[in-house]
Amino acid sequence: MTLLLGVIGSVLALLLGGFSVNLSETSALKARAQLAADAAALAAVAESGPYGEGQHERAAARFADANQARLLECLCEPGATAVQVKVAVEDVVAEARAVFDPEAVMFTGSSPDVDGLHPLLKAAVDRLIRASAGAVHVVSGLRSTAHQAELWSDAVAKYRDPEIADDWVARPGTSMHEKGLAVDLGGDLTLAARLVQELDLPLHRPLGHEPHHFELKPEP
Ligand SMILES: [Zn+2]
């Protein structure tokens with residue numbers, strides 16, 4: 001009897017032992033999946049931030065992959081301030097949601113750059129920036145002629161040819177930025193272009209090779 005109990009006891013111990021190994025493997029997978037989901041969600045939402053490029057799904061996939069997980073789903077609207085992702089490590093699925101507060105990372109007032117802009121341009125840019133909820137920001141607005149001269153000489157030094165520099169930077173005295181008629185935007189430029197259309201803003205991008213450069217549309 002004692003022997004039988006002993007045998008039962010060790011069978012039970014074996015079963016429990018096996019069970020707890022499985023359990024810890026599963027919880028390790030769960031922990032890995034959750035970590036990957038958290039990383040992917042944070043990376044995706046950061047794409048809506050001032051330094052993001054609006055590539056939510058790509059960022060989520062990259063961070064899931066870096067954590068040995070597969071991205072299954074990314075509920076990531078361009079410009080959204082909240083994202084939700086679902087990832088899998090083997091057959092263990094985890095979800096995470098990340099939110100960011102655009103107010104916390106944006107200027108509360110106008111940046112000095114935007115201040116000297118043509119009022120129509122300033123109004124249009126303000127509307128665009130607000131509608132983007134933090135996904136688009138102003139990189140450069142009004143420039144002094146001295147600043148334009150600096151940019152121009154940097155470009156000449158870089159390209160070693162004024163003709164080529166001309167393709168990238170306007171000569172001092174000729175830039176629309178000096179007149180307060182141009183802004184360079186950063187962040188999600190695809191969203192910026194879409195918002196221009198959706199909100200019917202008087203903006204256009206006259207320079208094909210500078211998708212970040214927006215000017216006031218000429219009067220029709
Ligand atoms: Zn520009």
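Before reading off any partners, a reminder to myself: I count two strands as paired if DSSP finds at least two bridges between them. Also, this is a predicted model.

**Entry 1: the three-stranded sheet**

I started with the sheet whose order is β1-β2-β3; it is open, and its pairing is antiparallel. Its edge strands are β1 (70-75) and β3 (92-99), each of them pairing on one side only.

How many bridges join β2 to β3? I get eight, with β2 spanning residues 82-89 and the two strands running antiparallel. For one of the pairs, I looked up Ala 82 and found Val 99 of β3 as its bridge partner.

Helix α2 (residues 56-66) does, touching β1 and β2. The direction of α2 makes about 150° with that of β1.

**Entry 2: the four-stranded sheet**

This one is also open and antiparallel, with four strands in the order β4-β5-β7-β6. I noted β4 and β6 as the edge strands, since each pairs on one side only. Three bridges join β5 to β7 (residues 213-216), and these two run antiparallel. Val 183 stands opposite Phe 214 in β7.

The helix packing on this sheet is α5, which touches β4, β5, β6 and β7. I read about 140° between the direction of α5 and that of β4.

**Entry 3: helix α8**

Which residues of α8 (residues 189-198) are buried? My list is Leu 191, Ala 192, Leu 195 and Val 196. They cover an arc of only 145° around the axis, so they sit on the same side of α8. On the face turned away from that buried side I found the exposed residues Gln 197 and Glu 198.

Then I asked what covers the buried residues of α8. The cover includes α5 (119-131), β4 (136-140), β5 (182-187) and β6 (203-204).

After α8 comes Asp 200, with a positive phi near 55°.

**Entry 4: helix α6**

α6 (residues 145-159) has 15 residues and reaches 21 Å from its first C-alpha to its last, close to the 21 Å expected at 1.5 Å a residue. Just after α6, Arg 160 takes a positive phi of about 55°.

Key. Residues numbered from 1 in each chain as written. Predicted model: local features only at pLDDT ≥ 70, side-chain atom pairs only at ≥ 80, totals over all residues. Expected span 1.5 Å × (residues − 1). Buried ≥ 20, exposed ≤ 12 C-beta atoms within 10 Å, placed from the backbone. Arc of directions from axis to C-beta. Contact = placed C-beta atoms within 7 Å. Axes fitted to C-alpha atoms, helices over the stretch in contact; angles between N-to-C directions.
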